[in-house]
Amino acid sequence: MAFILPDLPYAKTAFGDVISEKTFDFHHGKHHKAYVDKTNSLVGDAGLAGASLSEVIKAAKDKGNKGLFNNAAQIWNHSFYWLGLSPEKKTPGTDLQKKIDASFGSTEKLCAALKDEAVGHFASGWAWLVLDGDTLKITSLHDADTPLVHGLTPLLTLDVWEHAYYLDYQNARPGYVDALLANAINWDFVAENLDGKGVSRADQQG
């Protein structure tokens with residue numbers, strides 16, 4: 001079986017001006033799909049047919065297969081990114097809030113730090129909220145790199161490749177990041193990932 005482009009968990013019109021339908025058409029329908037198609041064209045020759053997406057990513061990293069790693073990791077990163085967004089404004093639940101307060105002092109301070117990381121990241125990549133042991137941390141990774149190969153538990157990501165925001169915000173990455181953090185974070189999904197099990201929702205079997 002081949003990997004598939006996962007459906008979005010909401011309508012493409014659900015976010016209004018925060019993320020436009022046109023951005024979803026290009027970002028999900030073209031960019032994300034291209035990673036799926038390319039991965040499917042490479043995975044058989046790598047001897048990984050039938051492996052799960054996360055298994056493909058880790059094996060490609062170990063074997064130094066950059067083409068397969070970049071495309072497979074971008075499938076996973078994008079799937080995780082969509083799940084971390086919500087058209088309905090949410091707030092962190094009690095358990096997650098306690099961890100946020102312990103690591104950052106408040107949700108506002110966490111969001112400020114995540115914005116700094118996302119806006120300050122040079123060129124293409126991803127800003128991440130991760131669990132490192134028992135501690136929440138913020139980091140960023142370049143291009144297709146993913147916490148899956150760094151021993152970190154991903155909780156939330158912001159896509160800072162230009163195709164994630166250019167149609168709606170042009171070169172104003174800070175405006176895009178502000179809009180997502182203020183209105184569109186799925187804090188319920190972030191909480192699901194605290195035990196590591198939520199990660200499987202972005203995985204799929206090949």
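This is a predicted model: local features need pLDDT of at least 70, side-chain atom pairs count only at pLDDT 80 or more; totals for chains, interfaces and linings use all residues.
Colleague: Nice, and which residues does Leu-129 touch?
Modeller: Contact means heavy atoms within 4.5 Å. Leaving aside residues up to four places away in sequence, the neighbours of Leu-129 are Phe-104, Leu-110, Leu-114, Leu-136, Lys-137, Ile-138, Thr-153, Pro-154, Leu-155, Leu-156 and Val-190.

Colleague: How far apart are the end C-alpha atoms of helix H5 (residues 107–120)?
Modeller: Helices (H or I, at least four residues) and strands (E, at least two) are DSSP runs, numbered from the N terminus. The expected span of a helix is 1.5 Å times one less than its number of residues. For the 14 residues of H5 that should give 20 Å, and the end C-alpha atoms agree, being apart by 20 Å.

Colleague: Within what arc do the buried residues of H5 fall?
Modeller: Thr-107, Leu-110, Cys-111, Leu-114 and Ala-118 are buried in H5. The arc is that of the directions from the helix axis to the C-beta atoms. Seen down the axis of H5, its buried residues line one face of the helix, because they fall within an arc of 95 degrees.

Colleague: Which exposed residues sit on the face of H5 turned away from its buried side?
Modeller: The buried residues of H5 are covered by elements including helix H4 (94–104), strand E1 (125–132) and helix H8 (187–192). On the face turned away from that buried side, H5 carries the exposed residues Glu-108, Lys-109, Asp-116 and Gly-120.

Colleague: Which residue is the bridge partner of Leu-131 in E2?
Modeller: Two strands pair if DSSP finds at least two bridges between them. E1 and E2 pair in the antiparallel sense over 8 bridges. They form a hairpin with 2 residues between them, and Gly-133 in the turn has a positive phi of about 70 degrees. In E2, Leu-131 has as its bridge partner Leu-136.

Colleague: And in E3, what is the bridge partner of Trp-128?
Modeller: E1 and E3 run antiparallel and are joined by 6 bridges. E3 is largely enclosed by the rest of the structure, because 6 of its 7 residues are buried. In E3, the bridge partner of Trp-128 is Thr-157.

Colleague: Why is the pair of Phe-24 and Trp-82 called tilted?
Modeller: Rings of Phe, Tyr and Trp (its six-membered ring) pair if their centres lie within 6.5 Å; planes under 30 degrees apart count as stacked, over 60 as edge-to-face and the rest as tilted. The structure holds 13 aromatic pairs. The rings of Phe-24 and Trp-82 have their centres 5.7 Å apart and their planes at 45 degrees, so the pair is tilted. This pair links distant parts of the chain, 58 residues apart: Phe-24 in helix H1 and Trp-82 in helix H3.

Colleague: What is the angle between the planes of Trp-126 and Trp-128?
Modeller: Trp-126 is buried, with a relative accessible area of 0%, and Trp-128 counts as buried at 0% relative accessibility. Their aromatic pair is tilted, 6.3 Å centre to centre, and the angle between the planes is 40 degrees.

Colleague: Where is Ala-123?
Modeller: Most residues other than glycine have a negative phi. Ala-123 has a positive phi of about 70 degrees although it is not a glycine. At 44% relative accessibility, Ala-123 counts as partly exposed, and its place is in the loop between H5 and E1.

Notes
Residues are numbered from 1 along each chain as its sequence is written. Side-chain values use heavy atoms; hydrogens and water are left out. Buried means under 20% relative accessible area, exposed over 50%, partly exposed in between (1.4 Å probe, protein chains only).
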